[in-house]
Amino acid sequence: MGSGDVATTVTARHWLILGVATFVAASGSAFLVGVGFLLPHFHSEMGMSLTRAGVLVAMPSVGMALALIAWGWLVDRTSERLVLVSGSAAAAAALGALILTDSFGAMAAFLLLAGAATASGNSASGRLVVGWFPPRRRGLAMGIRQMSQPAGAAIAAMTMPLLAQSYGLAAAFAMPLAMALVSAIAAFVVVTEPPGAPAPAGPVDTTVASAPV
């Protein structure tokens, strides 16, 4: 095994890292899909036209689409931990601001920003699986990580419409806000560089040897 290869032994720490990566991605999926479940609330309870309500539902997806490449670029140049922590924290901040406003324009802007921040989990969590798991276990690990999308959607479907109906829109968005905060803390505490990660390259020796006379 080369020095840059991942370890072949899968330990409890590997599964813990996978659990955190899966939860972060599920948190993003719950927010992204969950906004769609609030469309009846926007229309019936808040009196928005279907067009305006549809704009709000679309904003997280637009934000994610605009930011995915940028997060991918950043994770290549920094680390999965930095991207997961900063992205989850930024999503929590945007959702916190969203809860405090009732302006349509501000809501659209904060939904866009939260969607862009949430894209960090898509870019970094997959790389964690590749970095931590050997090829013989990578398919299983990636399958578990991909469970985050339907799991997050299911959590949102079972909670956000009920919270909106019973306690209002702020309570509905408090659920993905709480998940984003837990994601940021868990990524900060648990995620580290994968085993066998290559060390930063040192300075290149540019000295040219003299040719023999």
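Student: Which ring does the charged end of Arg81 sit over?
Tutor: In this predicted model, the charged end of Arg81 is placed over the ring of Phe188, at 4.5 Å from the ring centre.

Student: And which ring face does Arg52 lie over?
Tutor: Arg52 lies over the face of Phe104, with 3.9 Å to the ring centre.

Student: How many aromatic pairs are there?
Tutor: Searching the whole structure gives one aromatic pair.

Student: Let me step back. How many helices and strands does the chain have?
Tutor: The chain has eight helices and zero strands. Along the sequence the pattern therefore reads α-α-α-α-α-α-α-α.

Student: What share of the residues is buried?
Tutor: Of the chain's 213 residues, 40% count as buried.

Student: And what share of contacts joins residues 24 or more positions apart?
Tutor: Among contacts with a separation of 6 or more, 79% are between residues 24 or more positions apart.

Student: Now helix H4. What span should it have, and what is the distance between its ends?
Tutor: Helix H4 covers residues 80-99, which is 20 residues, so at 1.5 Å a residue it should span 28 Å. Its end C-alpha atoms are 28 Å apart, in agreement with that expectation.

Student: Which of the H4 residues are buried?
Tutor: They are Glu80, Val83, Leu84, Val85, Gly87, Ser88, Ala91, Ala92, Ala94, Leu95 and Leu98.

Student: What covers them?
Tutor: The cover includes helix H1 (12-37), helix H3 (50-77), helix H5 (104-132) and helix H8 (169-190).

Student: Where does H8 bend?
Tutor: H8 bends by about 25° at Met175, and a proline, Pro176, follows within four residues.

Student: Which residues of H8 are buried, and what do they pack against?
Tutor: The buried residues of H8 include Leu169, Phe173, Met175, Pro176 and Ala187. The buried residues of this helix pack against H1, helix H2 (39-45), H4, H5 and H7.

Student: How many residues are in the largest nonpolar core?
Tutor: That core has 30 residues, and Leu38, Phe42, Leu111 and Phe173 have the most contacts inside it. At least two residues of this core come from each of H1, H3, H4, H5, helix H7 (148-167) and H8. H8 gives the most, with seven residues.

Student: What does Phe42 touch?
Tutor: Leaving aside residues up to four places away in sequence, Phe42 touches Val35, Gly47, Met48, Ala53, Leu56, Val57, Met107, Leu169 and Phe173.

Student: What is in the second core?
Tutor: The second core is separate and has 23 residues, among them Val10, Val129, Trp132 and Ala187.

Student: A few single residues now. Is His41 buried or exposed?
Tutor: His41, in helix H2, is buried, because its relative accessible area is 15% and the cut-off for buried is under 20%. Beyond residues up to four places away in sequence, His41 touches Met46, Ala164 and Leu169.

Student: What about Met64, buried or exposed?
Tutor: Met64 lies in helix H3 and counts as buried, with 9% relative accessibility. Its contacts, not counting residues up to four places away in sequence, are Leu32, Gly115, Ala116, Thr118, Ala119 and Asn122. Met64 and Leu112 are 48 residues apart along the chain, and their C-alpha atoms are separated by 7.8 Å.

Student: Why does Ala109 count as partly exposed?
Tutor: Ala109, in helix H5, has a relative accessibility of 35%, and partly exposed lies between the 20% limit for buried and the 50% limit for exposed. Ala109 and Met59 are 50 residues apart in sequence, with 7.8 Å from C-alpha to C-alpha.

Student: Last one: where is Ala170, and how far is it from Leu98?
Tutor: Ala170 is found in helix H8, and at 36% relative accessibility it counts as partly exposed. Ala170 and Leu98 are 72 residues apart along the chain, while their C-alpha atoms are separated by 8.2 Å.

Technical notes: Residues are numbered from 1 along each chain as its sequence is written. This is a predicted model: local features need pLDDT of at least 70, side-chain atom pairs count only at pLDDT 80 or more; totals for chains, interfaces and linings use all residues. Side-chain values use heavy atoms; hydrogens and water are left out. Rings of Phe, Tyr and Trp (its six-membered ring) pair if their centres lie within 6.5 Å; planes under 30 degrees apart count as stacked, over 60 as edge-to-face and the rest as tilted. A charge sits over a ring if NZ of Lys or CZ of Arg is within 6 Å of the ring centre and within 35 degrees of the ring normal. The expected span of a helix is 1.5 Å times one less than its number of residues. Buried means under 20% relative accessible area, exposed over 50%, partly exposed in between (1.4 Å probe, protein chains only). Contact means heavy atoms within 4.5 Å. A nonpolar core is a set of buried Ala, Val, Leu, Ile, Met, Phe, Trp, Tyr and Cys residues joined through side-chain atoms within 4.5 Å. The bend at a residue is the angle between axes fitted to the seven residues ending there and the seven starting there.
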